Amino acid sequence: MLCLKKNHDPRSNNELLAQISGRRLDIKKVLNETEQLFQPFYKKNSPSHPRNPSIPFKQRIIERLFRLLAKPSARLEPTRLSIDSEGNVIPNWKDSLDQEFTKLMGCIKLEVNVEDFGAVGDGFTDNTSAFKKAIGNGRVKVIVPPGVYNIKGIRIPSWTCLIGAGKGVTTIRMHDSAPKGMRLVTNTNHWRGNHHIFVQGLSLDWNVERLGDTAKTSTWGNHSSCLTYANVTYGWVKDVEAIDPGLHCFDITSTLYNYAGDGFRARGGSKYVWLDNLNGHGFGDDGITTHHSDYIWISNSHMCDPSGRAHQKGFSNSNGIEVDDGSRNVLLVNNSTARCFGGVEIKAHQNSSAASNVQIVGHISLNDNRSFNFRHIGHHKSTDMESQTAYNILAINLASIAPIFTDLYKESTPRGLVVSAYKNVVLNHVTFIGDPDYDYKGNPIVAIQYRARNVALNNVSFKNFKTAGAGIKVFGGDYGADGVEIRDVVIQDSTVKAVQVGASIQDVNLHNIKEHKPQT
């Protein structure tokens with residue numbers, strides 16, 4: 001079976017997907033097909049819902065305090081995708097991003113080497129002062145030669161490039177005496193914001209070992225991560241590895257996380273950021289995460305093997321890639337995850353707006369507990385307020401391989417896909433491959449549930465599931481799903497039922513469902 005280790009080269013993901021699925025898709029054609037499936041849903045306006053008067057008094061007070069740093073959430077037009085001359089999927093704002101990168105290169109007035117400022121890559125010397133002097137006030141390209149450079153955090157101003165010699169060649173490592181809440185690399189001003197920052201060719205080692213056996217490896221908010229862009233406009237991170245952060249490997253975020261309630265977003269979010277060819281492992285919470293930020297592009301990246309130590313043991317929602325609270329217009333292209341709680345989780349906390357307008361084009365999930373998990377926490381049951389912001393997910397060419405039970409979250413059953421509370425969700429060309437010798441304990445592989453609406457699954461295949469309960473289960477009841485269309489499903493070498501539909505569902509359409517039971 002496929003084995004995606006921490007040094008997996010994610011630039012091979014597109015080719016791996018073709019091998020896994022057994023088909024080489026015409027991505028331009030499939031994109032057009034998927035957008036056509038999505039259009040009828042998008043035209044349905046999601047209603048606005050009044051505040052729920054049953055919200056506890058303490059929670060209402062907390063939300064009102066957060067609103068001092070929040071603004072109402074607004075709908076954005078979804079990012080349009082296209083294919084460039086080399087066959088890469090790109091967002092319609094890439095030309096603008098490229099223009100800003102050209103501006104960045106034109107504004108660099110000086111190229112310096114940190115060793116000229118006294119830095120020593122011996123793995124022992126404290127190089128904090130040398131990096132600070134080399135970076136200065138920006139408009140500089142800072143070269144970091146091969147070696148291991150101990151520091152107590154780097155803060156990068158606008159118009160700055162930080163360039164190493166490559167993953168595993170140049171390592172920036174958190175000093176043993178650095179406090180637990182320190183970010184290894186971040187921008188200089190989270191409140192006023194920064195712009196035009198480029199980090200490339202490094203390994204970033206948060207050095208969690210310095211904390212010993214401490215039960216919780218992070219402090220609060222967006223601290224304790226390897227790389228944090230907070231309130232950054234026009235940012236690039238390429239060819240970077242993140243190692244053992246207390247919280248996140250890479251966090252593209254607002255000045256502060258914000259919990260002002262559904263329908264509100266934080267001020268000071270990041271915009272127009274591209275993350276490419278990243279590796280991350282050993283993270284205390286998530287590998288790559290976004291919060292209250294717009295127009296984020298994550299491509300050709302691999303996140304695996306979290307520690308989960310930012311959470312209570314056994315309750316670790318540690319995801320490979322998480323598109324979280326208030327994020328909008330996020331594009332994921334040809335990424336991979338392995339042995340996480342969630343491979344890709346698109347979500348929000350109960351007291352925040354959900355991520356919306358998220359597009360996934362190509363993803364490999366290996367041995368994640370929940371390969372693809374879309375949910376707005378606390379907006380699931382009939383007694384909950386219906387989510388105002390959980391809408392618009394479009395995904396193609398996904399592969400879920402052998403989801404498993406995990407010690408990260410002991411009570412969580414394996415799933416290839418979960419859709420909860422989200423409206424307008426279209427998935428096209430999805431491959432689910434099980435382990436025929438694994439005990440799935442009668443659980444379904446795909447769960448459409450908890451007030452999910454306007455969900456379409458198209459061109460779905462299942463293989464090698466012998467002990468699951470159903471390929472796709474549409475849950476019914478007082479807070480079940482509705483408005484579900486399932487088309488062109490093939491079950492091979494599996495004993496599971498293809499589709500199971502719960503009670504009291506008004507609108508479920510099934511087309512061309514094929515079951516090929518294994519011979520006994």
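Student: What makes the charged end of Lys238 count as sitting over the ring of Trp274?

Tutor: A charge sits over a ring if NZ of Lys or CZ of Arg is within 6 Å of the ring centre and within 35 degrees of the ring normal. The charged end of Lys238 is 3.4 Å from the centre of the Trp274 ring, and Arg210 lies over the face of Trp206 at 4.2 Å from the ring centre. A word on the source: this is a predicted model, where local features need pLDDT of at least 70 and side-chain atom pairs count only at pLDDT 80 or more, while totals for chains, interfaces and linings use all residues. Residues are numbered from 1 along each chain as its sequence is written, and side-chain values use heavy atoms, with hydrogens and water left out.

Student: Which cluster does Trp274 belong to?

Tutor: Ring pairs link Trp274 with Trp93, Tyr234, Tyr272, Tyr295 and Trp297. Rings of Phe, Tyr and Trp (its six-membered ring) pair if their centres lie within 6.5 Å; planes under 30 degrees apart are stacked, over 60 edge-to-face, and the rest tilted. The whole structure holds 18 aromatic pairs.

Student: Why is the pair of Phe66 and Tyr259 called edge-to-face?

Tutor: The centres of Phe66 and Tyr259 are 5.5 Å apart, with 85° between the planes. That angle falls in the range over 60, so edge-to-face is the name. Phe66 lies in helix 3 and Tyr259 in the loop between strand 15 and strand 16, so the pair ties together parts that are 193 residues apart in sequence. Helices (H or I, at least four residues) and strands (E, at least two) are DSSP runs, numbered from the N terminus.

Student: Why is Phe66 called partly exposed?

Tutor: Buried means under 20% relative accessible area and exposed over 50%, with partly exposed in between (1.4 Å probe, protein chains only). Phe66 has 27%, so it is partly exposed.

Student: How do you know that strand 17 is largely enclosed?

Tutor: Nine of the 11 residues of strand 17 (residues 271-281) are buried, so the rest of the structure largely encloses this strand.
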